[in-house]
Amino acid sequence: DLFRSGAQMPISGKYTQADQIYWDSVDGENGASLKDDGDGLIESVQIGEVAAVRTRPNERRSGYLYVKMDDSFLYDQEVPALIELTYLDSGCAEIQLEYDSHDPNGSVHQGAFKPGGQQSVGASGEWKTVAFEVTDGRFANRCNGADFRFAVTGGELTIRRVVIQKLAP
């Protein structure tokens, strides 16, 4: 009855009061985790002295890096967020954020894979950080069980950190 009436139950958990969560190749999961299945295959790699994760090719030849946030941080709420990705500037041509949105017209799947910006990747071999601002995120695990993904074109993406921060409305 509560579901049908549209009532939302209060969310509780470890990250309810957190302003940000992250996944890091050294520290691991701190409210955010990476999925390794389907069209989002990943592997651990060592780049010099830096531990990292790299996407692996799948049967569709396009790679995705899926990120799931702990539901106690953000789940089906209208809270703006900033998503930061630290990546190796090498190995692929472009990264595009696709996220679970409240906008039902945002993508072919009722907003589950709405484009949220892209970043060209060069060949410097340096670690870089890019930030994507999301104002209409739903983050209800509708991106194949994750909250958002990075679509990778032209090769493999190597990352070492993903940070999600709540922004003031």
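## The sheet

Ser-33 stands opposite Lys-68, a residue of strand 6. Here strands are DSSP runs (E, at least two residues), numbered from the N terminus. Strand 3 and strand 6 (residues 63–69) run antiparallel and share four bridges; two strands count as paired if DSSP finds at least two bridges between them.

That pair belongs to an open, antiparallel sheet of five strands, ordered 3-6-11-8-9. Strand 3 (32–35) and strand 9 (114–120) sit at the edges with a single partner strand each, so one side of each has no neighbour in the sheet.

## About the model

This is a predicted model, where local features need pLDDT of at least 70, side-chain atom pairs count only at pLDDT 80 or more, and totals for chains, interfaces and linings use all residues. Residues are numbered from 1 along each chain as its sequence is written, and side-chain values use heavy atoms, with hydrogens and water left out.

## Aromatic rings

The whole structure holds three aromatic pairs (rings of Phe, Tyr and Trp, the last by its six-membered ring, with centres within 6.5 Å; planes under 30 degrees apart are stacked, over 60 edge-to-face, the rest tilted). One of them is Phe-132 with Phe-150, a tilted pair at 6.1 Å centre to centre and 45° between planes. Phe-132 comes from strand 10 (residues 127–134) and Phe-150 from strand 11 (residues 148–153), 18 residues apart. Phe-148 and Phe-150 are edge-to-face, because their planes meet at 85° with the centres 5.7 Å apart.

Phe-132, Phe-148 and Phe-150 make up one aromatic cluster. Phe-132 and Phe-150 are both buried, and so is Phe-148 (buried is under 20% relative accessible area, exposed over 50%, partly exposed in between, with a 1.4 Å probe and protein chains only).

## Salt bridges

There are 12 salt bridges (a side-chain nitrogen of Lys or Arg within 4 Å of a carboxyl oxygen of Asp or Glu). Among them is Glu-43 with Arg-54, at 3.2 Å from N to O. Glu-43 is in strand 4 (residues 42–47) and Arg-54 in strand 5 (residues 50–55), so this bridge ties together parts 11 residues apart in sequence. Glu-43 is partly exposed at 31% relative accessible area, and Arg-54 is partly exposed at 27%.

Lys-114 and Asp-136 also form a salt bridge, with their closest N and O atoms 2.7 Å apart. Lys-114 is in strand 9, while Asp-136 is in the loop between strand 10 and strand 11, 22 residues apart. Both ends are buried: Lys-114 at 17% and Asp-136 at 19%.
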